[in-house]
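Subject: Structure handover

Hello,

I am passing on the structure we discussed. The notes on what was found in it follow below.

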Amino acid sequence: MIELRTPAEIEAMRPAGRFVAEVLATLRDETTVGTNLLAIDRCAHDLIRRAGAESCYIDYHPSFGASPFGKVICTSINDAVLHGLPHDYALRDGDLVSLDFAVSVDGWVADSAVSFVVGTPRDEDLAIIDTAERALAAAIDAAVVGHRIGDISHAIAGVARADGYAINTDFGGHGVGREMHGDPHVANDGKPGRGYPLRAGLVLALEPWFLQTTDELVTDPDGWTLRSVDGSRGAHAEHTVAITDAGPIVLTDRSFLGVD
Ligand code: MG
């Protein structure tokens, strides 16, 4: 079922969005060569506890999950791109890091992801991060009343295809509200003018992600981490966006923090 939020409810979602933005900015700032993925999770956990927020991940146990996730953040490294389960690994020079973070504050969820490189970057890693971010910007621009879900999907795919990346449509964006995952699904490719009409009050997590030379994923033995089938690296960008009559509001925008 697709739920629409009142303007007051969208205002009530702002603290969750702001908190997720702050945590991702902090973690991005503090993550460097040598940082252990378990330390990133611990830091996120401390920030959640201090804020009185609630993790959407720690007890997350969907039908495809082997067991509850048990951590509060996804850390996907290099050829892992989604759902990376934090494990005992110290980041190395040039690692491509994707952090995906969702919490509930005052009963409202916000969900956001960012990719970056620690240490010396490879050009091709910076390129795919840039594509994911521009695809997200195009998705947000398309998230306006009068469009349909397919217009968002088409905008994402247009950016990816122009840069030569294949697109996986199994994992994509979703409705966000009291729960992390709601209807509608927002595939990262689709036909313009098709699908559910975008109405004021629809709140979506938009999340383009791409791999360098494939669109196929395999699951790690941990039951969660999704990795490219060919070892090529991936990037992910995500924001929680409210569609309003005055245009899209990026609830998880980090720009007020002076970071991208
Ligand atoms: Mg997310």
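W224 is buried, with a relative accessibility of 3%. Please keep in mind that the model is predicted.

Aromatic pairs

Searching the whole structure gives five aromatic pairs. One of them joins Y57 and F69: the ring centres are 5.8 Å apart and the planes stand at 70°, so this pair is edge-to-face. Y57 and F69 both sit in the loop between β1 (54–55) and β2 (74–77), so the contact ties together parts that are 12 residues apart in sequence. Y57 and F69 are both buried.

W224 takes part in a pair as well, with Y60. Here the centres are 6.2 Å apart and the planes are at 40°, so the pair of Y60 and W224 is tilted. This pair links distant parts of the chain, 164 residues apart: Y60 lies in the loop between β1 and β2, and W224 in the loop between β10 (217–219) and β11 (226–228). While W224 is buried, Y60 is partly exposed, because its relative accessible area is 24% and buried means under 20%. Through ring pairs, Y57, Y60, F69 and W224 form a cluster.

A charge over a ring

Another tryptophan, W108, has R178 lying over its face, at 3.9 Å from the ring centre.

Largest pocket

By class, the lining has 10 nonpolar, seven polar and five charged residues. The strands β6 (173–175) and β7 (182–186) supply at least two lining residues each.

Cysteines

How many disulfides does the structure hold? The number is zero. For C43, the closest cysteine sulfur is that of C74, 16 Å away, which is too far for a bond. C56 is in no disulfide either, and its nearest cysteine sulfur, again in C74, is 11 Å away. C56 is buried, with a relative accessible area of 15%.

Regards

Definitions and conventions
Residues numbered from 1 in each chain as written. Predicted model: local features only at pLDDT ≥ 70, side-chain atom pairs only at ≥ 80, totals over all residues. Heavy atoms only, no water. Helix = DSSP H or I, 4+ residues; strand = E, 2+ residues; numbered from the N terminus. Nonpolar A, V, L, I, M, F, W, Y, C, P; charged D, E, K, R; others polar. Disulfide = S-S within 2.5 Å. Buried < 20%, exposed > 50% of the residue type's maximum accessible area, 1.4 Å probe, protein only. Phe/Tyr/Trp six-rings, centres within 6.5 Å; stacked < 30°, edge-to-face > 60°. Lys NZ or Arg CZ within 6 Å of the ring centre and 35° of its normal.
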